[in-house]
Amino acid sequence: MTKKQGVFFVICGPSGAGKTTLVTRVRRRFPDLVYVPSYTSRPPRSPQELKAGRYRFISKEEFERRIRQNEFLEYAIYAGNYYGTSRSEVQTLLASGRNVIKEADVQGVRQLRRRRFGGRLVAIFIVPPSLKELEHRLGKRGTESSIARRERLAAVFDELGALDLFDYIVINRRIAQSVERLSAIIRAERSL
Ligand code: 5GP
């Protein structure tokens, strides 16, 4: 019998929707779920972010070299910086039956929908309860300049126009409730 391939959970949603907190909490509940960090050419927001393990920070030149070597399963330019997923890392994990979770933007999900990568894609969109709340959260985070905040808010309209790419939408009103919902989705999908 061939080994069952893993499920690739991709978490998407506007910057400031609460994705990172949600993913961090859910990962604690599912120790068998492998988190795959993204590559990015964006500079780290803080020394903490550098250490946090959500991203592998590389230069634009290095990113472009990796694009030429076909090392990304998907990649995108978001607010002027590159973001991408290592092809070999994800494929190896899924082929060995491991379930994988990572973040990507809408452009990334669109590419993954068209690609074969040896696993089943489950794409989940996390939305804030309203645009007003999103603006508020981005402002409160205080990590972006006002130009970068505007770019991130503009991206929301693109994202909302691509909802048919997704298997699930979670409205992030209260974090505890959203953690329960995302956990229920993961439990259901990995048992299929
Ligand atoms: P931020 O700069 O706010 O950390 O991320 C900007 C956007 O890039 C977010 O929507 C985030 O989910 C997305 N992103 C993070 N990693 C990847 C990735 O590997 N691929 C793609 N396509 N987008 C990513």
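This section describes the aromatic pairs, nonpolar cores, strand pairing and helix packing of a predicted model.

A pair of aromatic rings is described by the distance of the centres and the angle of the planes. In the structure as a whole, 11 aromatic pairs were found. One of these is formed by F8 and F117, whose rings lie 5.5 Å apart from centre to centre with 85° between the planes, an edge-to-face arrangement. The two residues belong to distant parts of the chain, being 109 residues apart: F8 lies in strand 1 (residues 7–12), whereas F117 is placed in the loop between helix 5 (106–114) and strand 8 (120–127). F8 counts as buried because its relative accessibility is 0%. F117, with a relative accessibility of 5%, also falls under the 20% limit and therefore counts as buried.

A tilted geometry is found for Y55 and Y83, because their ring planes stand at 55° with the centres 5.9 Å apart. Y55 is located in strand 4 (residues 55–57) and Y83 in strand 6 (residues 81–86), so this pair ties together parts separated by 28 residues in sequence. Both Y55 and Y83 are buried. Elsewhere, Y39, F63, F72, Y75 and Y82 are linked by ring pairs into a cluster. An aromatic ring also takes part in a contact with a charged group: the charged end of R27 sits over the ring of Y35, at 4.0 Å from the ring centre.

In soluble globular proteins, nonpolar side chains tend to be buried together. The largest nonpolar core of the model comprises 22 residues, and the members that touch the most others are F8, V10, V106, V109, L112, F117 and F166. Two or more residues are contributed to this core by each of strand 1, helix 4 (87–95), helix 5 and strand 8. Strand 8 gives the most, with 4 residues. F8 and F117, the edge-to-face pair, are thus both found in this core. With residues up to four places away in sequence left out, F117 touches F8, L73, Q91, L94 and L112.

Strand 6, which contains Y83, is mostly covered, with 6 of its 6 residues buried. This strand pairs with strand 3 (residues 38–40) in the antiparallel sense over 2 bridges, and Y83 is the bridge partner of T40. Strand 6 also pairs with strand 5 (residues 72–78), again in the antiparallel sense, over 6 bridges. Within strand 6, T85 stands opposite E74. Strands 5 and 6 form a hairpin with 2 residues between them, and A79 in the turn has a positive phi of about 45°.

In helix 1 (residues 19–29), the buried residues are K19, L22, V23 and V26. Viewed down the helix axis, these residues fall within an arc of 95° and therefore line one face of helix 1. The elements against which the buried residues of helix 1 pack are strand 1, strand 2 (34–35), strand 7 (100–103), strand 8 and helix 8 (175–190).

How values were computed: Residues are numbered from 1 along each chain as its sequence is written. This is a predicted model: local features need pLDDT of at least 70, side-chain atom pairs count only at pLDDT 80 or more; totals for chains, interfaces and linings use all residues. Side-chain values use heavy atoms; hydrogens and water are left out. Rings of Phe, Tyr and Trp (its six-membered ring) pair if their centres lie within 6.5 Å; planes under 30 degrees apart count as stacked, over 60 as edge-to-face and the rest as tilted. Buried means under 20% relative accessible area, exposed over 50%, partly exposed in between (1.4 Å probe, protein chains only). A charge sits over a ring if NZ of Lys or CZ of Arg is within 6 Å of the ring centre and within 35 degrees of the ring normal. A nonpolar core is a set of buried Ala, Val, Leu, Ile, Met, Phe, Trp, Tyr and Cys residues joined through side-chain atoms within 4.5 Å. Contact means heavy atoms within 4.5 Å. Two strands pair if DSSP finds at least two bridges between them. The arc is that of the directions from the helix axis to the C-beta atoms.
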